[in-house]
Amino acid sequence: LVLFPTDRAAGLANGDFGHVIMGQTKKKIFKITNASLLGTQLNWFFDKKYLGASGFSIEPEKVMKLADNGSVDFSVKYFARTNQKPGPKTMILPLEMVGAPTLQIVMTANVCLPEIELSSQELDVGKVVIGRSKKIYVRLKNISPVSATWMMKKSGKDEARFTCEPNMGTLRPGKKVMVGIEFIPTEAKRSHVEFLLKVDQN
């Protein structure tokens with residue numbers, strides 16, 4: 001941000017935090033420069049009442065007597081609370097400057113969760129001869145805007161007869177993977193197993 005203390009049309013400045021996973025914090029460093037050519041010192045402060053429960057925090061809250069051509073860094077953090085709905089978040093924070101118009105800083109973030117979609121919730125391998133094997137496939141797709149790390153876990157009394165390959169991995173946004181489920185019966189009976197899909201940070 002380059003500020004002209006005598007500029008009567010300070011306008012807007014943008015701070016985009018991109019995608020932030022729910023429960024995580026993202027930090028950005030911004031620089032304010034006093035671009036005055038008249039030797040005017042810059043005094044500014046943020047009014048914390050605008051931050052409220054927005055999840056945004058700023059340090060330092062104020063700077064006094066910033067000389068012309070001088071610069072100062074300030075840190076902005078955004079914490080994506082877990083008790084909110086995913087989606088875009090926007091906060092407009094006024095930057096109050098003594099003797100100059102207020103600059104509106106627009107902070108934006110997209111709160112999201114890693115999410116994987118299954119091509120099918122139920123699979124049936126049909127009839128299989130004892131001692132033989134049969135493999136069927138299910139497709140996993142990352143439908144979120146962030147990378148998703150996943151793991152498959154088996155549950156059930158027949159789990160020893162079923163294998164899953166691969167059983168873990170990481171998918172970038174929009175990417176897919178085919179997972180093979182193999183069944184090898186050891187006796188003549190109906191067998192059943194549940195595969196639980198766990199996605200980190202979801």
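**Exercise 1.** How many nonpolar, polar and charged residues does the lining of the largest pocket have, by class?

*Solution.* The model is predicted: local features need pLDDT of at least 70, side-chain atom pairs count only at pLDDT 80 or more, and totals for chains, interfaces and linings use all residues. Residues are numbered from 1 along each chain as its sequence is written, and side-chain values use heavy atoms, with hydrogens and water left out.

Step 1. A pocket is an open set of points on a 1 Å grid over the protein atoms alone where a 1.4 Å probe fits, with protein on both sides within 12 Å along at least five of seven lines; lining residues have an atom within 4 Å of a point.

Step 2. The lining of the largest pocket comprises 16 nonpolar, five polar and seven charged residues.

Step 3. Among the 28 lining residues, Leu123, Asp124, Phe162, His192 and Val193 are the closest to the pocket's centre.

Step 4. At least two lining residues come from each of β11 (134–142), β15 (176–183) and β16 (194–199); β16 has the largest share, three residues.

**Exercise 2.** Which residues have the most contacts inside the largest nonpolar core?

*Solution.* Step 1. A nonpolar core is a set of buried (under 20% relative accessible area, 1.4 Å probe, protein chains only) Ala, Val, Leu, Ile, Met, Phe, Trp, Tyr and Cys residues joined through side-chain atoms within 4.5 Å.

Step 2. In the largest core, of 27 residues, Trp44 and Phe74 have the most contacts.

Step 3. β9 (103–112) is one of the elements that give two or more residues to this core, and β9 gives the most, five residues.

Step 4. A second, separate core of 17 residues includes Ile116, Val125, Ile136 and Val199.

How values were computed:
Helices (H or I, at least four residues) and strands (E, at least two) are DSSP runs, numbered from the N terminus. Ala, Val, Leu, Ile, Met, Phe, Trp, Tyr, Cys and Pro count as nonpolar, Asp, Glu, Lys and Arg as charged, and the others, Gly among them, as polar. Buried means under 20% relative accessible area, exposed over 50%, partly exposed in between (1.4 Å probe, protein chains only).
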